[in-house]
Amino acid sequence: MGTEAMQERTEKNAGSVVGPVILLGAPGAGKGTQAQRISEHFGIPQISTGDTLRDHIRRKTPLGNQARDQMEHGQLVADQVVCEMVAERITRPDCERGFILDGFPRTLKQAQWLDRHLAQKHMFETDQGCRKQPIVIQLTVEYNDLLRRLTGRRTCPTCGRIYNANTSQKPLVEGVCDLDGSVLVIRNDDCEEVIVERLKNYEAQTLPLVSYYEMRKRLHAVNGSASRLDAITAEACKAIEHGDCV
Ligand code: AMP
Ligand code: ZN
């Protein structure tokens, strides 16, 4: 999608209720990158449980100290901890029109909790009792591609923008953020040993969510190849715009 078309659509979407959007995909599938783009398009916040947890670790909060060990070893943090984090975040006023969950849910328990929570809190319910259900965008990427992307991933510590030394998403100057000049960093858990563990855990714990959402007719699978950056955003935005009410 061209910048002008994006701009026009962004303005068109400024006031409408978008509802909950879930980005589902393996580590390295491009959830963070697409979440940033979709967030700008609809003007709704991106909620990344991984970013929030990393922030807790940096600030050495009790939650951060509790989660650090699991994250460093590529294990998932306890369901209750992340569910409470999300529950608090989505009550904030900026989530009124909708939000994008990037990296949540990651287990069946989390998905079931989210459905229950949205229903109990009557979130995104109209006067007619119709409710916007989560739209799930699944980014599909082959295993070897995921490995290549994860080993090349670089993040800006200032603005959060994601780059990749192994794809066309390179910064203009190696190792430096295009937007603010910060030195790009490699995530602690983007080392090969931990990457393999994260991908294993994804298959065991998160992949079952594909059939969970498929059965509920909420899943939109999108080919997540790196060369399709704009096409992925356009397909995802279209699916979100056409999301049903139940
Ligand atoms: P991410 O930035 O999404 O790749 O997440 C980094 C790490 O944070 C994961 O490997 C997990 O240890 C932890 N994490 C993030 N989101 C969740 C979640 N929904 N459930 C459990 N652990 C999570
Ligand atoms: Zn930056």
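At 72% relative accessibility, S227 counts as exposed. Exposed means over 50% relative accessible area, buried under 20%, and partly exposed in between (1.4 Å probe, protein chains only). S227 sits in the loop between β7 and α10 (229-241). Its C-alpha atom is separated by 9.5 Å from that of Q169, 58 residues apart along the chain.

This is a predicted model: local features need pLDDT of at least 70, side-chain atom pairs count only at pLDDT 80 or more, and totals for chains, interfaces and linings use all residues. Residues are numbered from 1 along each chain as its sequence is written, chains are lettered from A and ligands numbered from 1 in the order in which they are written, and side-chain values use heavy atoms, with hydrogens and water left out.

**Overall fold**

The protein has ten helices and seven strands. These are DSSP runs (helices H or I, at least four residues; strands E, at least two), numbered from the N terminus. The C-alpha trace spans about 50 × 45 × 35 Å along its principal axes. The radius of gyration is 18 Å, which agrees with the value near 18 Å for a compact globule of 246 residues. That radius is taken over C-alpha atoms, and the globule rule is 2.2 Å times the number of residues to the power 0.38.

Of the 246 residues, 47% count as buried.

**Surface and charge**

The accessible surface comes to about 12800 Å², and 50% of it belongs to carbon and sulfur atoms. Areas come from the Shrake-Rupley method with a 1.4 Å probe; for residues, only the protein chains shown count as cover. The protein carries 32 positive and 33 negative charges, and their mean positions are 2 Å apart. Lys and Arg count as positive, Asp and Glu as negative; His and the chain ends are not counted. Each charge is placed at NZ of Lys, CZ of Arg, CG of Asp or CD of Glu.

**Backbone features**

Most residues other than glycine have a negative phi, and most peptide bonds are trans. The table lists departures from this pattern.

| Site | Feature | Value |
|---|---|---|
| F104 and P105 | cis peptide bond | omega about -5 degrees |
| H122 | positive phi, not a glycine | about 50 degrees |
| K217 | positive phi, not a glycine | about 55 degrees |

P105 lies in the loop between β3 (98-102) and α6 (108-120). H122 is in the loop between α6 and β4 (135-140). K217 falls in the loop between α9 (208-215) and β7 (219-223). K217 is exposed, with a relative accessible area of 77%.

**A buried loop glycine**

G30 is in the loop between β1 (19-24) and α2 (31-42). At 18% relative accessibility, G30 counts as buried. Leaving aside neighbours within four places in sequence, G30 is in contact with L139 and R149. The C-alpha atoms of G30 and I100 are separated by 14 Å, with the two residues 70 apart along the chain.

**Cysteines**

The structure holds zero disulfides. The criterion is a pair of cysteine sulfur atoms within 2.5 Å. C83 is buried at 8% relative accessible area. C156 is buried too, at 2%.

Methods
Contact = heavy atoms within 4.5 Å.
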